[in-house]
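Welcome to this tour! Open your viewer, get ready to select residues by number, and let's walk through the chain stop by stop.

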Amino acid sequence: MEEELKCPVCGSLFREPIILPCSHNVCLPCARTIAVQTPESEQHLPPLLHPRGPAPPAAAAAAAAAPGPGAAAGSADCLDSESAAGGGGGGGDHADKLSLHSETDSGYGSYTPSLKSPNGVRVLPLVPAPPGAAAAPRGAGPASSSLTCPQCHRSASLDQRGLRGFQRNRLLEAIVQRYQQGRAAAAAAAKCQLCDRSPPEPAAVLCEQCEVLYCAACQLRCHPARGPFAKHRLAPPPGHPGAPGGGGGGGGGDGGGGKGAGGGRKLPTCAEHDLENYSMYCVSCRSPVCYQCLEEGKHGKHEVKALGAMWKQHKAQLSQALNGVSDKAKEAKEFLVQLKNLLQQIQENGLDYEACLVAQCDALVDALTRQKAKLLTKVTKEREHKLKVVWDQINHCTLKLRQSTGLMEYCLEVIKENDPSGFLQISDALIKRVQVSQEQWVKGALEPKVSAEFDLTLDSEPLLQSIHQLDFIQMKCRVPPVPLLQLEKCCTRNNSVTLAWRMPPLSHNPVEGYILELDDGDGGQFREVYVGKETLCTIDGLHFNSTYNARVKAFNSSGVGPYSKTVILQTSDVAWFTFDPSSAHRDIVLSNDNQTATCNSYDDRVVLGTAAFSKGVHYWELHVDRYDNHPDPAFGIARINVVKDMMLGKDDKAWAMYVDNNRSWFMHCNSHTNRTEGGVSKGATVGVLLDLNKHNLTFYINGQQQGPPAFENIEGVFMPALSLNRNVQVTLHTGLEVPQCVKQPKLPNN
């Protein structure tokens, strides 16, 4: 609270505080030091520098005469009707004066600081009259004055009463007095915190850094003004007369302050009528008034209320406002506790991470040391190998050289002999021995088998780059959050599912991609079906009439985030599909939204459906729209890579029933079986029943089963298929329920 009780000019506790029009407070003595006179020499300013609006009478009278020796006394009377006051500081410029006095018509003006006091308050100096101006007589009227608030820098003009025209803040004065009394009591109780005596000596100084009270002896012994303590600031103990804001700040005025520790407080009286107490409150002027003020008519057209009622009302408003401030203060205290806990956590985590970093770097150094030992072992082995090879070669060459030298010396001695017959007896053998000895020195025998250079090059550049790039990655708290599945966009169509997701709002963690997982439709394990940056994915080729579970997670360089919630998707019970124009033979002609097929060629051509089956029971029908010249259309199933320029069933990739107007056959790998009576014509309907649970294929004509099950033990992925020529046109009907009642099949002919 002490900061609220200090004057913004002198920095001490308020002395005779007055309320400025901007609602800030300032000491009355300080107000005298910062009040600024408007000099009469303003008339010498250029026309643009004159104040706006009509000049006050006093200013107009002062403008008629030049300033004289009596100007100072007159200005002091203007500033304070009770005591004289010194003017502002020395010289200034016209721009400062203009900014202060150009808006006196409204009572406020802008503020351009020119000088700065030791307490941080900027003071406007007086503007001297231009040289050569005549001096005004002593009896000239006083110059007008202004006061600039040291906090908001707004200026207010003073009337003929001077500074006494501002209201005294008697409430603040009383609070300051109570605070001074409390500080004095605290100063009397302030004892040295390091004394060995009992009781301790009174404290003489307070170290603001150590926050310890010292007596004079303990301060010299424990806190000398040298070494690290030289920069510490020693202040008087709290409440000491020499302490900032202490009891030596000067006494208050006798107008409305307290009279002592035990005396009662004098009721405030009206500033204009000393014998009248305040009894009413003028809402328009925002000031208390007495009955005599009301009788004089100064507030005749103003809204006036009882002083007690307004006092209670404003107290209630202040209490209500304080409740909000109190809540915020409580939150601030809790926040400070949180910040202090955070400081401790940061300190502890910092030590932990330092220890972890040291351990990781030590592990890298240990690994490098072990690898260094391995590499040194390789170098040692290579060196020993080279030395062994060279020593073996030296020993071998030395032995051969000794043998050759001995043989040479022997042969020279033989040549010296003069016995022809004896020479011829051994010459042949010697010649052979010399030749053999010469042959031992083959090419390369006199070349070293190893080089002195080591063919070992250590590629340390990648490791050095890795060391230089060694840095902290984002920690685990920075992995992406849980993605949110957008259920309104997730859907199923036929045997395809579409999933959509997004990141939660206000998520700042980077996302590099997503992983979508799907189970097998039978409650099995999840498997990855998509990895990428998109947030919308469609999975085709699933089983019909199956329930799939799907989930998604995000990842970035820090790792993989948690899974989203699992969404359950149900594929269609029955298959809806059409003929596939992308895989059909070029002679096939499709119409009716790819549901009707015919052909341009007289040869049979194959067209497949857009669906693929690997599980479940499926049934579809083909209606014969046109049947001319007794062709043999074939109906059935096929692999995706079936041959499309011949009748369905002639290769090993198709299983079909081909039929004319009288009978039908089953065909696979060009093998014709089970001829059955009964053909097709215009308007006939051929049904195909694919039961992958029982792994068989059955055909129907006009609702009656055509022969026995055509094919059994079939497994894999199959697509609906059809082959026809230009004499046939059929229309596909899908999404049909499996026939429940099957008529007795026709027995095939032998």
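## A guided walk through the chain

Begin by selecting Asn 594, which sits in the loop between strand 23 (588-591) and strand 24. Although Asn 594 is not a glycine, its phi is positive, about 65°. Is Asn 594 buried, exposed or partly exposed? With a relative accessibility of 27%, Asn 594 counts as partly exposed. Please keep in mind that everything on this tour belongs to a predicted model.

**The whole chain**

Now zoom out and colour by secondary structure. You are looking at 10 helices and 36 strands. The chain has 750 residues, and 35% of them are buried. Take the contacts between residues at least 6 apart in sequence: 61% of these join residues at least 24 apart.

**The largest nonpolar core**

Next, select Phe 613, Trp 620, Leu 622, Leu 690, Leu 697, Leu 722 and Val 730. These belong to the largest nonpolar core, which has 39 residues, and they touch the most other members. Several strands each supply at least two residues of this core, among them strand 27 (634-638), strand 28 (654-659) and strand 31 (685-691). Which strand gives the most to this core? That is strand 26, with 4 residues.

Setting aside neighbours within four places in sequence, the contacts of Leu 690 include Phe 613, Val 617, Trp 620, Ile 637, Leu 697 and Phe 718. There is also a second, separate core of 23 residues; to find it, select Cys 22, Leu 28, Ile 34 and Val 176, which are among its members.

**A buried phenylalanine**

Move on to Phe 544, in the loop between strand 19 (536-539) and strand 20 (547-556). Phe 544 is buried, with a relative accessible area of 4%. Leaving out neighbours within four places in sequence, Phe 544 is in contact with residues including Asn 494, Asn 495, Val 574, Ala 575, Phe 613 and His 618.

**A hidden space**

How many cavities of 30 Å³ or more does the structure hold? There are 6 of them. The largest cavity has about 60 Å³ of space. To see its lining, select Asp 573, Val 574, Ala 575, Phe 577, Phe 613, Val 617, His 618, Tyr 619, Trp 620, Thr 734, Gly 735 and Leu 736. You have already met Phe 613 and Trp 620 in the largest nonpolar core.

**A buried arginine**

Select Arg 605, found in strand 25 (residues 605-608). Is Arg 605 buried or exposed? Arg 605 is buried, with a relative accessible area of 11%. Beyond its neighbours within four places in sequence, Arg 605 is in contact with His 585, Asp 587, Ile 588, Cys 599, Lys 644, Asp 645, Leu 722, Ser 723 and Leu 724. Now show Pro 633 as well: Arg 605 and Pro 633 are 28 residues apart in sequence and 9.5 Å apart in space, C-alpha to C-alpha.

**Two helices side by side**

Select residues 307-416 to bring up helix 8. Helix 8 has 110 residues and reaches 156 Å from its first C-alpha to its last, close to the 164 Å expected at 1.5 Å a residue. Its buried residues include Met 310, Lys 386, Val 389, Gln 393 and Leu 407. They pack against strand 11 (280-282), strand 13 (304-306) and helix 9.

Where does helix 9 bend? The bend is about 40°, at Ser 427. Ser 427 is also one of the buried residues of helix 9, together with Leu 430 and Ser 437. These buried residues pack against helix 8.

**Two backbone details**

Go to Pro 199, in the loop between helix 5 (170-189) and strand 8 (205-207). The peptide bond from Ser 198 to Pro 199 is cis, with omega near 0°.

Finish at Glu 16, in the segment before strand 1 (17-19). Glu 16 is not a glycine, yet its phi is positive at about 50°. Glu 16 is buried, with a relative accessible area of 19%.

Conventions
Residues are numbered from 1 along each chain as its sequence is written. This is a predicted model: local features need pLDDT of at least 70, side-chain atom pairs count only at pLDDT 80 or more; totals for chains, interfaces and linings use all residues. Side-chain values use heavy atoms; hydrogens and water are left out. A nonpolar core is a set of buried Ala, Val, Leu, Ile, Met, Phe, Trp, Tyr and Cys residues joined through side-chain atoms within 4.5 Å. Buried means under 20% relative accessible area, exposed over 50%, partly exposed in between (1.4 Å probe, protein chains only). Contact means heavy atoms within 4.5 Å. The bend at a residue is the angle between axes fitted to the seven residues ending there and the seven starting there. On a 1 Å grid over the protein atoms alone, a cavity is a set of points where a 1.4 Å probe fits but cannot get out, and a pocket is an open set with protein on both sides within 12 Å along at least five of seven lines; lining residues have an atom within 4 Å of a point. Grid points are joined across faces, edges and corners, and a volume is the space filled by probe spheres set on the points. The expected span of a helix is 1.5 Å times one less than its number of residues.
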